[in-house]
Number of protein chains: 2
Amino acid sequence: MKHAGSPTPAVNYAAAGAVETNLEYAALIALDWGTTSLRAYLFDAAGNVLDTRASTAGIMNLPRSAEQGGFDAAFDDTCRAWLDQTPGLPVIAAGMVGSAQGWVEVPYIDAPANAEALVAGIVRVKAACGVTLHIVPGVLQRGELPNVMRGEETQIFGALSEDASATDSGKPDDKDSSKRALIGLPGTHAKWAVVQAGRIERFHTFMTGEVFAALREHTILGRTMVTPDRPDTDAFLHGVNIARDKGQAGMLATVFSARTLGLTGELSREQQPDYLSGLLIGHELAGLEAVLAQQQNSLAGQHLRLIGNEALCERYRVALAQFGCTRAELVKHATERGLWRVATQAGLVNPTPQTAHAG
Amino acid sequence: MKHAGSPTPAVNYAAAGAVETNLEYAALIALDWGTTSLRAYLFDAAGNVLDTRASTAGIMNLPRSAEQGGFDAAFDDTCRAWLDQTPGLPVIAAGMVGSAQGWVEVPYIDAPANAEALVAGIVRVKAACGVTLHIVPGVLQRGELPNVMRGEETQIFGALSEDASATDSGKPDDKDSSKRALIGLPGTHAKWAVVQAGRIERFHTFMTGEVFAALREHTILGRTMVTPDRPDTDAFLHGVNIARDKGQAGMLATVFSARTLGLTGELSREQQPDYLSGLLIGHELAGLEAVLAQQQNSLAGQHLRLIGNEALCERYRVALAQFGCTRAELVKHATERGLWRVATQAGLVNPTPQTAHAG
């Protein structure tokens, strides 16, 4: 898949939507449909993004209830114009839309999971307008501490497709790469996946983002906090390093220091949010380091990839460097790339060479 | 100090309040004045509790604002009748009433701290009615992860006074005991204090209770939870043992299993709250174990004491047993005992022998 930022995109991302004429080349609608938002991408057959739509109609925020056709309404609002212009466009979707609270429940596939297993697990749902949506399954890792993901698996395969395009074969061949790699997806529920030979081998979930919000909004820690004008990197690093070096008692103990360092005058109100953020991300990385150590692995020296909000990924890059990991590369557009990859692998679209309609 | 439950109390606790005639022996008013409640104890000169009052007028819940005399109003509502009957009664108070948000800010004393230091740190405040309150300071432990307590220090000295009464000398002599001991105070902000030779040497705070409430009420984990009719000990122990044996990735990772074990059908909605509670208490104890290990100490084989809500302390006893600690003794009435001890040591009351007004 070629993309904005790739050397020779036929359609520039920034111009998408403005270049009306290209819409006639539309070949695929791809949906990233989560809990609080719905993002839609219109692709041409060469894998270029022709147009995008974003809506707040996540599965917990539909324009009307699911029973009253809320999913149909959200889908129509977002994609009707594209389908009117190009009837019969195939549609692929990933994310919480396939959960028990989604449009249709798509059973998890078990880890280790490769792209073929993902394709085999797709479940179809027919919209009221007659269009069939192909919904990508999430991944479940069984065990004493089970883990699940929905949506991230697609992003991970999007990031892996980068390996494929680097070989310029036009077809993903990352299965040839037998190197074990680590991919981090910071966020509300941060995921860390170990990938190898084009497969998600295992993964971990850290509720870092959601716990931060709960501590900040609903505990005594938030009462003395004032949001700073701009992030305070020193306070953030202070938290990361306390978690790394003095975190033995665990997060339940260290977080109290966001308050006590305020009481002793060592942390201003404006510094406390970034300090707490650093503490939690530091505990996440220390925990990741501990599970990597069980596999004779380590964060130090890792060449890993990050997927997600750029500002948040930048925080993780800064924190990772404190753990000796200085090669953390941000993967852009992993979601669209992954949706495109699964759609092509599922035969929903037949990719054409990039030059098909260039100029 | 003799107390309800002691072999020969002149006034039985259960009868307190009903035995009007004894109020003439009143010698001390002691207040346990926290954030959400105010508990008052009327003592005779032998250290018996003659009467008690409980109010919801904690410092964050005064009948009117502090500026409008809220502290005076709460104090009058609770203690006026006692003072009318016995004018000039000395008054001691401990807890958040001495915080920056309290009646008067009482500076922390530094750990290590003994009872003499506590007495020396008392700050007086004069109520509108002319009575002087003696407010006990909290304790601060400086360092990279500072710790503070307000109120718990008094409970700890109350628990230590038990050692003294065991020797039946009538005067606390626990300084003679050079054995290092561990005292746990489960709760919203659980404290674990190492005491030695009658001193609080150092202590740790775990925000276990408050984090549990925040996770339960304000994260996705609570959404699938249903409160069971009665606590589910198996689910609780499951959580404790996961934290102990599989907790390497840290609490941010393990808590997600309260959700995923529900998704895989291994944990019912009714089991999830106790499982999460077990996880958090398990992480607290694992963290405590880690800091004890740094001091060549361990939970296994400890003979420790617990202070606090009986049902919660029972949970901790069950959890501690999973860490090899089977001798965790509940200390009752530690708050009143501690207030009495500090008051006598401060010379606010001259203790008389128990038999002074027996019968």
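This is a predicted model: local features need pLDDT of at least 70, side-chain atom pairs count only at pLDDT 80 or more; totals for chains, interfaces and linings use all residues.
Q: What does A:His204 touch, not counting residues up to four places away in sequence?
A: A:His204 touches A:Asn147, A:Ala190, A:Lys191, A:Trp192 and A:Val291. "Touching" here is contact, that is, heavy atoms within 4.5 Å. Residues are numbered from 1 along each chain as its sequence is written, chains are lettered from A and ligands numbered from 1 in the order in which they are written, and side-chain values use heavy atoms, with hydrogens and water left out.

Q: What makes A:His204 buried or exposed?
A: The cut-offs are under 20% relative accessible area for buried, over 50% for exposed, and partly exposed in between (1.4 Å probe, protein chains only). A:His204 comes out at 17%, so we call A:His204 buried. You'll find A:His204 in strand 13 (residues 199-206) of chain A.

Q: Why is B:Val349 called buried?
A: Same test: its relative accessible area is 5%, so B:Val349 counts as buried. B:Val349 sits in the segment after helix 11 (334-345) of chain B. Beyond four places in sequence, B:Val349 touches B:Ala27, B:Ala45, B:Trp340, B:Ala343 and B:Thr344.

Q: How far apart are B:Val349 and B:Val91 in sequence and in space?
A: They are 258 residues apart along the chain, while their C-alpha atoms are 9.7 Å apart.

Q: Where is the kink in helix 1 of chain A centred?
A: On A:Cys79, with a kink of about 60 degrees. The bend at a residue is the angle between axes fitted to the seven residues ending there and the seven starting there.

Q: What do the buried residues of helix 1 of chain A pack against?
A: They pack against strand 1 (26-33), strand 2 (38-44), strand 3 (49-55), strand 4 (91-94) and strand 8 (132-135) of chain A. Among those buried residues are A:Phe71, A:Phe75, A:Trp82 and A:Leu83.

Q: How do you know which strands pair with strand 4 of chain A?
A: Two strands pair if DSSP finds at least two bridges between them. Four bridges join strand 1 of chain A to strand 4 of chain A, and three join strand 4 of chain A to strand 8 of chain A, so both pairs pass the cut-off. Both pairs run parallel. A:Val91 is the bridge partner of A:Ile29 and stands opposite A:Leu133 in strand 8 of chain A.

Q: What makes both faces of strand 4 of chain A count as covered?
A: A:Val91 and A:Ala93 on one side, plus A:Ile92 and A:Ala94 on the other, are all buried.

Q: Why do strand 5 and strand 10 of chain B stand at the edges?
A: Look at the open sheet of three strands in chain B, whose order is 5-9-10, with mixed pairing. Strand 5 (109-110) and strand 10 (147-149) of chain B each have a single partner strand, so one side of each has no neighbour in the sheet. Strand 9 (residues 139-141) of chain B pairs with strand 10 of chain B in the antiparallel sense over three bridges. In one of these pairings, B:Leu140 has B:Val148 as its bridge partner.

Q: What makes helix 11 of chain A mostly covered?
A: Ten of its twelve residues are buried, including A:Leu339, A:Trp340 and A:Val342.

Q: How do you know how confident the predictor is about chain A?
A: Chain A averages a pLDDT of 90, and 88% of the residues score at least 70. Over residues 1-19 of chain A, though, the pLDDT is below 50; this stretch has 40 contacts in the model beyond near neighbours in sequence.

Technical notes
Helices (H or I, at least four residues) and strands (E, at least two) are DSSP runs, numbered from the N terminus. pLDDT is the predictor's confidence in each residue, from 0 to 100.
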